[in-house]
Structures are given as structure tokens and as C-alpha cells.
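I opened this model to see how its parts pack. My notes follow the structure.

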Amino acid sequence: MAQFTLSINGKQYQPDVAEDTPLLWVLRDHLGLVGTKYGCGIAQCGACTVHMNGSAVRSCLLPVSAIGEGKITTIEGLSENGDHPLQLAWDEVDVPQCGYCQAGQIMTAAALLKKNPKPSMEQIDTAMHGNLCRCCAYHRIREAVKLASTKI
Amino acid sequence: MSTATKTSRREFFKLGSLTGMGLILGFDWFSAEAKTPVVIQGAAQAAASGFNSYLSIASDGVVTILSPNPELGQNIMTSFPMIVAEELDADWTKVKVVQASLDTKNFDRQVTGGSGAVPHSWKRLRTAGAAARWMLIQAAAKKWNLPAEECTAENGFVIHAKSGNKLGYGELAEAAAAIPVPTDIKFKDRKDFKLIGKAVRNVANKDIVRGKGLFGLDFYREGMLFAVIQRPEAFGTKVKSVDAAAAKAMPGIVDVVTFKNNVAVVGKSTWEVMKARKAVKIEYEKDGNTESTADHNKIFLSLLDGNTATVRRKEGDVETAFKNAAKVIRSEYQCPFLSHSPMEPMNFFAHVRPDGVELIGPTQTPGTARQATAKLLNIPEDKITVEITRLGGGFGRRLKADYAVEAAELSSIIKAPVKLIWSREDDMTGGSYRPAVRYRFEAALDKQGNMIGYKLRGAGINSGNPTREDNFPSGSVENLLIDSAEHNSPITTGAWRAPITNFLAFAEQSFMDEVAFAAGKDPIQFRLELLEKAKTAPVGPVRYDVDRMIGVTKLVAEKAGWKKKPGVSQGFSVYFSHRSYVAQICELAMTAGKPVVKKIHAAVDCGEVVNLSGARQQVMGGITDGMGHAMFGKLSFKDGVPEQKNFNSYRLIRMKEIPQIETHFVDNGIEPTGLGEPALPPTGGAIGNAFFAATGRRLKTQPFVDDEAYKAPAVKKQQPASTLKKERKP
Ligand code: FES
Ligand code: FES
């Protein structure tokens with residue numbers, strides 16, 4: 001066990017966990033940030049997507065010891081009031097079905113829009129291809145990303 | 001609009017009393033016969049009334065609706081309240097939905113499955129809303145001393161237009177509660193619907209997009225333990241010995257316990273138990289057959305050729321029909337096992353205490369979880385509570401309560417509250433799959449191309465009955481034999497979204513296409529002729545609605561421009577499943593020698609559409625799901641061990657692979673007939689038939705990517721020009 005100082009959503013946390021613990025489980029089990037989901041544990045589904053220094057990363061494979069000074073953002077910290085253009089678009093387009101994958105989808109999309117605020121449909125598809133949605137809400141995910149991109 | 005989850009009935013009443021109790025209407029969501037709502041003026045009476053769900057209107061005008069059914073993405077938490085609110089003329093922004101806990105005394109069917117919730121409760125929900133509305137109007141009229149007939153209700157208010165009087169539901173609720181419940185309630189005319197049929201957003205959207213912990217896996221409680229279970233790798237083996245010394249010594253590990261064939265690693269965090277599980281050394285021994293997919297392939301053939309089949313339906317004299325046939329068409333179709341793989345893996349929280357059991361988690365059948373736990377632990381059912389969290393998908397997997405019962409058993413052994421977590425690998429390799437099936441179809445045509453004989457034999461592995469003997473084309477063929485044979489395997493199976501028909505529809509609709517082509521007829525025309533026959537001269541009972549099937553067939557043909565798009569390869573498919581009808585036309589193009597599904601048109605008859613947005617989701621999601629699994633889905637076995645263990649080898653459809661989808665609903669005003677499953681079954685057939693139109697080759701095995709015809713290099717379809725011309729003129 002070791003103490004790590006993590007910067008998550010602008011706050012400092014000091015969880016006492018083994019150094020190989022994936023960030024995903026630190027967030028969920030130790031910090032009560034359960035918006036980030038477990039889907040596969042092997043970087044295949046994207047349910048666990050968070051941002052590190054603004055880029056989308058898979059928290060299920062990111063050991064806590066590798067984060068260092070990295071600034072982490074989770075779905076809970078994406079916006080202050082749940083009003084990030086993507087969150088609003090997700091509601092407007094009525095994307096969620098079961099909803100389990102959606103935090104990961106939004107975090108992936110948010111990283112895309114940060115780098116490329118006006119992506120083409122192809123660019124959206126490429127960016128979102130790594131995120132599984134078992135309910136197959138893909139059409140609306142795509143539409144919502146596009147809609148949000150018009151409002152950024 | 002807001003939602004609250006994990007609110008027990010007791011809390012619900014507490015909530016009611018906090019906001020001022022107002023009108024509480026007990027109504028019967030799910031018992032066999034719709035009853036008239038009864039006004040209940042307090043928790044004690046409510047609990048004793050024998051009614052089983054409650055609509056309350058608080059003095060601030062907030063309408064609270066207790067929703068008994070598990071929500072797994074079928075959008076029930078939005079569509080149920082919409083129906084109540086419609087008849088109530090409630091202000092939708094003041095409706096609050098509460099997920100009920102399991103309550104078998106008051107609810108009759110707290111199940112999510114079989115596309116059955118809305119069809120089952122449609123009338124009950126309308127009755128609840130309409131009765132409350134009527135009582136509110138009576139209360140207002142009394143207050144104003146005006147005739148009730150002159151009053152109307154709108155958007156949470158009772159209005160008397162002539163006098164300009166207006167009172168909010170909140171202000172009227174208490175007085176309304178004193179009005180006798182009407183016995184004869186008139187529903188709204190559908191032309192006056194304000195909510196039903198409109199696109200209404202999911203009531204949980206805001207919580208979902210903010211990452212609120214709604215799901216079973218999100219449940220945490222101070223002091224609870226975490227556990228993973230190592231189950232036998234191979235179906236047909238059992239635990240021989242366990243060496244857990246190393247695992248027990250690892251940090252955070254509380255215990256390693258073995259029960260049945262489960263080796264449970266219990267500890268203080270998810271990661272620690274996942275890690276320690278790898279250090280447990282378990283030896284297994286044989287406990288049955290350890291089967292491989294290669295074995296199954298042989299078993300299928302021997303079942304199809306054998307004489308062990310159970311007759312499911314028989315009409316006329318099949319043997320003679322085939323003897324007299326001008327042409328016989330014979331074809332076989334096969335599918336593999338599939339994993340359900342909802343995005344949220346199986347999990348459950350259990351706390352077995354001396355005085356009772358607490359179960360919390362995602363389940364499609366909370367009642368089964370309780371029953372099974374009661375039986376296993378020998379605890380009376382009324383000592384067991386089940387709280388239903390939101391489900392991160394289900395697809396039929398969570399109809400089984402095995403994972404909830406495992407959690408309860410483990411908690412009783414370790415005498416501690418515990419959350420049992422299935423890793424993705426556990427979820428994929430832990431069984432309860434869509435059964436693998438092979439079908440043999442035979443059709444006899446006379447000289448005019450009429451289908452005079454039809455045979456279907458299904459061979460399944462733990463499939464129950466792999467046929468649906470009363471579905472089309474039964475009823476339209478003079479001589480027909482449908483039977484099935486079964487292999488019992490240690491590999492466990494269960495209901496998978498649109499059980500059996502998820503593959504049968506593909507096989508049947510592909511075969512129907514083969515027969516149509518052999519008869520030299522347009523595939524749609526060929527089916528319409530059969531349907532006409534089922535209508536005018538039915539052979540035996542017809543257990544599907546011929547007109548609805550014809551309706552969606554014609555609608556999709558018109559909307560998709562069937563055979564009117566030169567250069568576009570189209571494939572048609574239609575299917576009746578559960579209670580609804582869906583026809584699809586797929587447009588497929590060959591791009592660089594590879595088939596690409598460009599677009600799927602769907603015509604859907606699910607009766608009244610409750611929520612247009614949710615309905616479209618179910619259709620788009622169902623079609624994409626059907627396509628993904630037809631194209632890529634496969635769970636194969638080697639010596640009893642599943643060969644796919646996670647999403648790196650078990651392929652699901654992804655963003656770049658989805659087709660355009662265009663959905664059309666039939667507007668016929670009949671009562672809702674369900675939509676959670678019916679859009680999925682026709683998709684494989686539409687794609688397979690479009691593939692044939694493009695290549696002249698038939699896809700007969702799923703997943704398509706493994707089918708020889710799919711993998712073969714592209715060659716132009718070889719159809720006699722004359723046949724082709726004839727086809728184009730239905
Ligand atoms: S849980 Fe991390 S990618 Fe699936
Ligand atoms: S909404 Fe259910 S997995 Fe995406």
C-alpha cells in the first residue's frame with residue numbers, strides 16, 4: 001500500500017491503495033466516484049473513459065502509480081452543473097437506453113471536441129469506434145456529438 | 001420530471017407525508033384482471049388494500065408514480081408514467097417516478113421480459129390516470145358548486161371555462177380523495193392525446209449524463225465486503241481441490257471460501273479480490289461431457305437425421321406432397337451460442353442477517369431472486385427484501401437469479417454484507433447463453449410454383465423448443481410438419497433477447513426467399529400470396545394477425561421503394577414476435593469486394609406507440625443489435641471451455657459498422673403490443689437476402705463473417721435474365 005496524491009476534478013485526493021490498482025477502482029471503490037464504469041477491464045469497451053490532462057484514457061488499465069501529476073477529469077467533473085454541451089445534447093437527442101456506457105461515451109466525445117471542435121461525421125465515428133454500447137444507441141450518440149459540436 | 005430510485009414503499013409513504021399526502025390512488029398494475037382504483041388515505045390502509053401500486057398527488061401538485069418494473073433501457077420508467085399522466089392530464093414537468101422495491105403482495109408482474117410491460121398494463125395505467133382526473137374534477141365542481149360536466153382538466157388544473165375558475169391538482173388532491181372512486185371510467189379519445197405518441201425524453205437522462213450511481217455495481221455501503229467467484233473454466237467439470245493459501249495471504253483478502261463449484265475470494269476492494277483470485281490454485285475433475293463446437297456440429301447432423309424429434313405441428317400429408325412435388329428445396333441454417341454481455345456485468349449485493357436478508361441489485365426478475373434465496377437459505381420470503389437498481393442492460397441474462405442467489409449464499413457463509421462482482425470474463429464464460437441451433441427446411445413446390453409442402457426440423461442444444469410452430473408460414477401451407485430434437489449439454493442456456501426467434505427468423509426468412517426464387521416469384525409477392533391463403537383458406541389455427549403482417553410488408557415495400565432502385569441490392573424480411581410485427585428491407589452494397597449494409601428500412605406495427613422517442617430507440621437499437629450479432633456474434637467451445645472471454649475476441653458491433661435506419665410506425669390505434677424485442681428478429685434475414693441479391697450467394701450460418709459464402713470473393717449474381725424481369729413486377 002502506498003499513498004498517492006491525485007488531482008481529480010480539481011480536487012486533491014490521497015487514497016491509500018496498492019500501486020498497481022487501476023484508476024477505475026480507485027475512483028469507484030475508494031473515492032466514491034461511481035460515474036466511471038467497469039465494462040471489460042482490458043481497454044476494449046470505453047465504459048471507464050476519463051480524461052488525463054484533457055486526453056481520453058481508459059482508467060481500467062491505468063495504474064494509479066502511473067498518474068503522477070496528471071490531472072484527471074471524470075464524468076462528475078466534466079461540468080459544474082451537468083451542462084456541458086455534450087451532456088445537454090445527450091438529453092436533447094435522448095441518447096441513453098440502459099445508460100451504462102454513456103458516461104464513457106460522453107468522456108470520449110468531450111476529448112474529441114476539445115481537440116477538434118468541429119469534427120466531420122467520419123471523425124466522430126472514428127473517435128467513438130472504441131466505445132461499445134450494448135444497447136446500440138450509436139445513431140443517437142453520433143447525432144448528439146454532432147449537435148454538441150454546433151454549440152461549442 | 002425527476003426520478004428517484006431505491007425507494008422502498010415505506011419511504012414512498014414517508015415521502016408522501018412529507019409533501020402532504022393528498023390523493024393516493026391505489027391501482028392494480030398487473031393482476032390478471034384490471035380492477036377499479038381505490039382511494040387510499042394513508043399508509044396503513046394502503047398496505048392492507050390488496051392493491052399494488054400507487055399514484056399520489058401531493059399538495060404541491062407533484063404527481064408521484066411508483067414504477068414496479070425493472071428498468072434496463074426499455075424506457076419503462078418514462079413510458080409507464082406517460083400513460084398515467086396522459087389520462088390524468090397532469091403537468092408532465094411535475095411528475096416524479098419512483099422505482100418500487102420488490103413487493104409481491106402489491107404487484108403481480110415485477111418482471112422485465114417478453115416485451116410485455118406496456119401491453120400488460122396499458123389499461124390499468126389509463127384507468128389510474130382517468131379515475132384520478134375524474135375525482136379531481138368532481139372535487140373542484142363541489143368546491144365551486146358548479147356542475148362537474150362543465151369542468152375540464154388540463155395540464156394539472158381543473159378549469160371551469162365559463163366562470164374562469166381554475167384550481168391546481170395539488171389544491172384539490174385532499175378533497176378529491178373523499179370522492180367515491182368511479183366504477184365506469186371513460187378513457188380519452190386518442191386524437192386528444194397530448195403525451196402518448198409524442199417523443200418524450202427519458203426521465204433518467206440527467207442522472208445518467210452526470211454519472212449518478214444508478215446501477216447495481218454502483219451500490220456501496222460502509223463496511224461491506226467485495227467478492228469475485230472463480231467458477232469452473234469448463235462446463236462439465238467440478239472442483240476437486242483448492243489451494244488458497246497464497247491468495248489468503250494477499251493484502252486486503254478476508255477469506256477464500258468454496259461452496260458448490262464456486263471458489264469465492266472475499267476482500268476489502270474489487271481490485272484486491274480480482275488480483276488474489278489469480279493466486280488461487282484450483283484443480284478440477286470431470287463431471288460430465290466437456291463438449292467442443294466441433295462435437296456440436298456432429299450432434300446437430302445426427303439430430304436432424306435421427307428419429308428422436310418431437311412433433312410440434314402437423315398439417316395434411318407432407319410425405320405425399322413432397323412425392324408429388326415438381327421441385328423440392330432443401331436448406332440448412334445454423335447459429336452459435338451467444339453471450340448476453342450487457343455492459344454492466346452481473347453483480348449483486350447481499351446481506352444475510354439472523355433476522356432477515358437484504359438483496360440489492362440489477363435483476364429482471366426480483367421475485368425469482370427472492371424465491372430462490374428463500375428456498376436455498378430456508379428463510380421465509382417475507383424476511384427477504386429486494387431493492388431493484390437500474391440495470392446496465394439485460395437482454396434476458398438477468399431473468400435468471402443465479403448471481404443474486406450466489407451473493408446471498410456467500411453472505412450467509414461469511415456472515416457479512418457483500419457485493420459479488422462478475423468480471424467481464426466471468427460474465428462471458430459463466431453460462432446461460434443463447435442456445436446454438438441448426439435448422440433443416442424443406443419445401444415442395446408444384447408446377448405453378450405454389451408451396452404445397454413445408455418441413456422444418458430444429459435441432460437445438462438446451463434450446464427447449466427451437467421452433468415456433470405456429471408462426472408463419474404455418475396456416476398458409478396445406479401440408480406441413482414442424483418438429484424438433486434436442487441435445488442436453490452441461491453448457492447452460494437461457495432466454496436471449498427475442499428467444500429462439502432471434503435466429504429462427506433469419507433462417508425462416510432466408511429460406512422463404514430461397515423458395516420464392518425457386519418458384520420464380522418476387523419474394524414479397526410470394527409471401528403475400530401465402531398470407532392471403534392464411535387469411536382466406538387457413539390450414540389449421542392461425543396464431544398471428546395476417547392483416548398486421550400484410551400491413552407492415554406493404555408499408556416497408558412502399559417506403560423503401562422495393563425493386564424500384566436500380567443498382568441497389570435489396571433484401572426483404574418480415575417477422576411476428578411476441579405480439580408485434582416488423583418488416584424490414586435492407587440495402588446492401590459491395591464495396592471493394594466486401595458487403596456493406598447501407599440502410600435498413602423498417603415498418604413496425606406495435607400498436608399504439610407510447611413514447612415515439614423510446615420506440616425509435618427500441619427499433620434502431622434492436623436492428624443494430626440484430627445486425628451486430630448476425631454479423632459477428634459467436635461463442636464457441638473447446639473441451640467445455642468458452643473460447644471467447646472478453647470483448648477483444650467476442651466481437652460486438654461498433655460505431656463505424658452501423659447502417660442507416662429508417663423507421664415507420666403503423667398508425668392503427670390498436671392497443672400497444674410491445675417493442676423491446678420485435679425489431680431484432682427480422683434483421684438477419686433482410687441482410688442475408690440483400691446479400692443474395694448482391695452476390696447470388698446465400699448466407700446460412702451466423703456469424704456471417706465466418707460463413708463461406710460471405711468470405712468468398714465477389715462474383716456477380718447469376719440469375720437468368722427472364723427470372724429477374726419477372727421479379728421486378730410484383
Ligand atoms: S472497462 Fe476500461 S475499456 Fe472497458
Ligand atoms: S445505453 Fe446501454 S450500453 Fe449504451
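These entries go from a helix pair to the domains and then the chains.

I worked on a predicted model, where local features need pLDDT of at least 70, side-chain atom pairs count only at pLDDT 80 or more, and totals for chains, interfaces and linings use all residues. Residues are numbered from 1 along each chain as written, chains are lettered from A and ligands numbered from 1 in written order, and side-chain values use heavy atoms, without hydrogens and water.

**Helix pair.** I looked up helix 4 (residues 121–128) and helix 5 (residues 138–149) of chain A; they pack at about 120°, with axes 10 Å apart. Helix 4 of chain A is therefore oblique to helix 5 of chain A (under 35 degrees is roughly parallel, over 145 roughly antiparallel, 65 to 115 roughly perpendicular, the rest oblique). I listed the contact residues (heavy atoms within 4.5 Å). Helix 4 of chain A gives A:Met121, A:Ile124, A:Asp125 and A:Met128, and helix 5 of chain A gives A:Ile141, A:Arg142, A:Val145 and A:Lys146. By class, I found five nonpolar, no polar and three charged residues in this contact.

**Domains.** I noted domain 1 (2–77) and domain 2 (85–147) in chain A. Their centres, over C-alpha atoms, lie 21 Å apart. Domain 1 of chain A puts 17 residues into the contact, and domain 2 of chain A puts in 14 residues.

**Chains.** How much area is buried between chain A and chain B? I read about 4,900 Å², with 58% from carbon and sulfur atoms (accessible area, 1.4 Å probe, lost on being put together, summed over both parts). In chain A, A:His129, A:Arg134 and A:His139 lose the most area to chain B, together 17% of what that side buries.

Note on methods. Axes are lines fitted to C-alpha atoms, for helices over the stretch in contact, and angles run from 0 to 180 degrees between N-to-C directions. Helices (H or I, at least four residues) and strands (E, at least two) are DSSP runs, numbered from the N terminus. Ala, Val, Leu, Ile, Met, Phe, Trp, Tyr, Cys and Pro count as nonpolar, Asp, Glu, Lys and Arg as charged, and the others, Gly among them, as polar. Domain bounds come from an automatic or database domain assignment. Buried area is the accessible area (1.4 Å probe) that two parts lose on being put together, summed over both.
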